[in-house]
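Here is a short briefing for a first look. Please keep the sequence and the structure in view while reading.

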Amino acid sequence: MSHIKKHSVLPIYFVGATWLIWAWLAPLYRPTHYVMAALMSAVVYFVGKTLFPDRGYQVQSQPASSKENPPKAESRTQQPKVSRPPEIEALLKERDRAVSEMRRLNDAILDPTISAQIDRMEATAGKIIDTVVEKPSKLPQIRRFMNYYLPTTLKLLNAYDRMDATGVSGANIDGTKGKIEHVLETVCAAFDKQLDALYGEEAMDISTDIKVLENLLAQEGLRGMTFGSNP
């Protein structure tokens with residue numbers, strides 16, 4: 001694991017706003033005026049860093065580069081390349097694209113609640129796609145998830161990121177951000193429900209196996225007994 005620091009951009013916005021306000025309310029035609037404005041900007045930047053500090057988090061360490069660890073000599077017996085159906089290859093590419101976009105948005109959005117929700121959705125989306133890769137027959141079950149839920153979620157997160165980056169508070173921006181914040185918890189639940197639905201057939205098969213096993217045990221007079229108990 002390695003430690004990554006996520007720098008807050010809000011103090012920089014505050015500094016820019018300070019120069020704009022200074023130019024509007026105070027003179028800027030002598031060197032001393034620029035020095036005073038720079039000192040004020042430094043104070044504002046320090047206060048901004050105090051209120052909105054940098055955030056650190058742990059990430060999985062990347063493997064060493066090929067220069068540090070040169071590849072070993074190729075084995076005479078090479079492993080055969082796994083051949084997948086085209087639709088599964090396309091699904092894997094879409095998974096990689098969506099995960100990459102979620103991680104970019106997670107780095108850009110500072111809100112801790114939304115960040116945790118993005119982590120949750122990223123993990124669940126990966127499990128959904130991995131399950132279908134293992135059992136391609138389940139692909140029709142996630143058509144709506146891949147064609148609507150996932151791209152619409154990314155669209156909402158991108159809109160939130162753009163509006164949040166403006167640093168401006170207003171009826172349209174605050175109202176839209178609030179609606180997105182409100183719906184994200186429901187989206188997380190929808191992702192979880194989609195993953196659960198993929199195991200519906202398996203759950204039914206297991207229930208049938210358990211029922212058959214219970215009937216056989218009942219015929220042998222073993223209902224209610226545990227394996228390994230003394231006769």
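**Salt bridges and surroundings**

A search of the whole structure, which is a predicted model, turns up 9 salt bridges. The protein chain has 231 residues, and buried residues make up 25% of them. Its elements are 7 helices and 2 strands. In sequence order, they follow the pattern β-α-α-β-α-α-α-α-α.

- Side chains of opposite charge can pair when their charged atoms come close.
- Arginine 104 pairs with glutamate 101 in a salt bridge, with the closest N and O atoms 2.9 Å apart.
- Both arginine 104 and glutamate 101 belong to helix H3, which covers residues 86-108.
- The two are 3 residues apart, about one turn of the helix.
- Arginine 104 counts as partly exposed, because its relative accessibility is 38%.

- Aspartate 192 and arginine 120 meet through their side chains in a salt bridge, at 2.5 Å from N to O.
- Aspartate 192 lies in helix H6 and arginine 120 in helix H4 (residues 112-134), so this pair ties together parts that are 72 residues apart in sequence.
- Aspartate 192 has a relative accessibility of 29%, so it counts as partly exposed.
- Arginine 120 is also partly exposed, with a relative accessible area of 32%.

- Lysine 177 forms a salt bridge with aspartate 164; their closest N and O atoms are 2.9 Å apart.
- Lysine 177 sits in helix H6 and aspartate 164 in helix H5, so the pair ties together parts that are 13 residues apart in sequence.
- Is lysine 177 buried or exposed? Lysine 177 counts as buried, because its relative accessibility is 14% and the cut-off for buried is under 20%.
- Aspartate 164 reaches 26% relative accessibility, so it counts as partly exposed.

**A linked network**

- Which residues are linked in a network of salt bridges? They are Arg95, Asp96 and Asp130.

**The second largest pocket**

- Rolling a probe the size of a water molecule over the atoms shows where empty space is left.
- The second largest pocket holds about 280 Å³ of space.
- Its lining is made of 17 residues.
- Leu10, Tyr13, Asp164, Ala165 and Gly167 lie nearest the centre of this pocket. Asp164 is also the salt-bridge partner of lysine 177.
- Three helices each supply at least two residues of the lining: H1 (10-25), H5 (143-165) and H6 (171-197).
- Which helix gives the largest share of the lining? Helix H5 does, with 4 residues.
- By type, the lining residues divide into 10 nonpolar, 2 polar and 5 charged.

**A nonpolar surface patch**

- Met40, Val43, Phe46, Val47 and Leu51 make a nonpolar surface patch of about 500 Å².
- Leucine 51, one of the patch residues, is placed in helix H2, which spans residues 31-51.
- Leucine 51 counts as exposed, because its relative accessibility is 58% and the cut-off for exposed is over 50%.

**Apart in sequence: two pairs**

- Alanine 197 is found in helix H6.
- Alanine 197 is partly exposed, with a relative accessible area of 40%.
- Alanine 197 and isoleucine 142 are 55 residues apart in sequence, and their C-alpha atoms are 9.5 Å apart in space.
- Where does tyrosine 199 lie? Tyrosine 199 lies in the loop between H6 and helix H7, the latter covering 200-219.
- Tyrosine 199 has 38% relative accessibility, so it counts as partly exposed.
- Tyrosine 199 and threonine 131 are 68 residues apart in sequence and 9.2 Å apart in space, taken from C-alpha to C-alpha.

Note on methods. Residues numbered from 1 in each chain as written. Predicted model: local features only at pLDDT ≥ 70, side-chain atom pairs only at ≥ 80, totals over all residues. Heavy atoms only, no water. 1 Å grid on protein atoms, 1.4 Å probe; cavity = no way out; pocket = protein on both sides within 12 Å on 5 of 7 lines; lining within 4 Å. Points joined across faces, edges and corners; volume = space filled by probe spheres on them. Nonpolar A, V, L, I, M, F, W, Y, C, P; charged D, E, K, R; others polar. Patch = residues over 30% accessible without salt bridge, like charges linked within 9 Å, V, L, I, M, F, W, Y side chains within 5 Å. Areas by Shrake-Rupley, 256 points an atom, 1.4 Å probe, with all protein chains shown as cover. Salt bridge = Lys/Arg side-chain N within 4 Å of Asp/Glu carboxyl O. Buried < 20%, exposed > 50% of the residue type's maximum accessible area, 1.4 Å probe, protein only.
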